[in-house]
Amino acid sequence: MNQKKTILIADSGSTKTAWVLLKGDDKYELETPGINPYYQNSQDIRAALASNTQFIQIIVQKIDQVYFYGAGCSVAANNQLVLQALRPFFPYAQIAIAHDMLAAARALCGQTPGIACILGTGSNSCFFDGEEITSQFDNLGFWLGDEGSGGYLGKQLVTAWFHKEMPESLWQLFADTYQIDRDIVLDCVYKQPYPNRYLASFSVFLKTNIQNPWCEELVSSSFKLFLERYVVNYPKSEQVDIHFLGSVALHYREILIASTKHLGLRPGKLMGSAIEGLSLYHQN
């Protein structure tokens, strides 16, 4: 890496964006709300960043290169939308926009072949040959996919609560904790922005009550579905390490590792965020 260049890296999901500024041997980290071009336009993204004090303090410096890895940045139209949002903040910088799946692959696998998985608010996966993504299943998003993610776990939990498909004591504890009803949930899911974030917020209940067999089974079955639907179908899935990235992977690491081994797969690295691995990647 050219030590004279100042590099800004972003790893963005639907819930939060982790940033790191690399300037010589110095490194500064910050966090802003999540950015997803499927849910926000350029003006929304620009306004959210402009109102963040930490971000404004960062951009007063001369930035030479910006690497933005984001959820939803897998199609040209979305990448252009994000670029339009960032360009006013970095008028003279080289800006590269890439999918968060590439960020996960580079952070988790480095230069070694492997399967990289994201389990955060949403979920995704790919096969990485050490240089590039060579195979990836279509991500159908929150409504049709995202198995094993926080949004998926929250959706299964809320649905089970409404249908009373959980133990009575657990049902009452959920009711007392959240005090929701059908109208509230349907409004948040169908009329308010970020339904995936909203439903993912309920997954905390599973973590708090993970010792309850019902909660553990819901999490375990969700991971099993993710692994069976995607991971085992990659070529050489039993010959390479299966790496995981994201808050859900980190919070339920024991269940995730057990689910992975149960299918005859090799668990690899587990990271809460890609930003540290990305820092090493771009420094090298």
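## A tour from the nonpolar patch to the sheet

Start at Leu186, which is found in helix H8. Keep in mind that this is a predicted model.

Stop 1: Is Leu186 buried, exposed or partly exposed? Leu186 is partly exposed, because its relative accessible area is 32%, and buried would need under 20%. Together with Leu186 they make a nonpolar surface patch of about 580 Å². Colour helix H5 (141-144) and helix H8 (182-190). Each of these helices supplies at least two residues of the patch.

**Stop 2: Asn196.** Select Asn196, in helix H9 (residues 195-200). This residue is buried, because its relative accessible area is 4%, and the cut-off for buried is under 20%. What does Asn196 touch, leaving aside its neighbours within four places in sequence? Show Ser14, Tyr39, Thr121, Phe142 and Gly151: Asn196 is in contact with each of them.

**Stop 3: the sheet.** Switch to a cartoon view and find the five strands. They form an open sheet in the order E3-E2-E1-E4-E5, with mixed pairing. Which strands are at the edges? E3 and strand E5 (94-99) are the edge strands, and each pairs on one side only. From one strand to the next, the twist averages 15 degrees.

Zoom in on E1 and E2. These two strands run antiparallel, joined by seven bridges. Select Asp11, then look across to E2: Ala18 stands opposite.

Next, select helix H3 (residues 76-86). H3 packs on the sheet and touches E2, E4 and E5. The direction of H3 makes about 145 degrees with that of E5.

**Stop 4: helix H4.** Select residues 100-109, which are helix H4. How many of the ten residues of H4 are buried? Ten of ten are, so the helix counts as mostly covered. Among the buried residues are Asp100, Arg106 and Cys109. Step just past the end of H4 to Gly110, which takes a positive phi of about 65 degrees.

**Stop 5: helix H14.** Finish with residues 275-283, helix H14. Show Ile275, Gly277, Leu278, Ser279 and His282, which are buried.

Definitions and conventions: Residues are numbered from 1 along each chain as its sequence is written. This is a predicted model: local features need pLDDT of at least 70, side-chain atom pairs count only at pLDDT 80 or more; totals for chains, interfaces and linings use all residues. Side-chain values use heavy atoms; hydrogens and water are left out. Buried means under 20% relative accessible area, exposed over 50%, partly exposed in between (1.4 Å probe, protein chains only). Helices (H or I, at least four residues) and strands (E, at least two) are DSSP runs, numbered from the N terminus. Contact means heavy atoms within 4.5 Å. Patches are made of residues with over 30% relative accessible area and no salt bridge: like charges are joined within 9 Å, nonpolar side chains (Val, Leu, Ile, Met, Phe, Trp, Tyr) within 5 Å. Accessible areas come from the Shrake-Rupley method with a 1.4 Å probe; for residues, only the protein chains shown count as cover. A salt bridge is a side-chain nitrogen of Lys or Arg within 4 Å of a carboxyl oxygen of Asp or Glu. Two strands pair if DSSP finds at least two bridges between them. Axes are lines fitted to C-alpha atoms, for helices over the stretch in contact, and angles run from 0 to 180 degrees between N-to-C directions.
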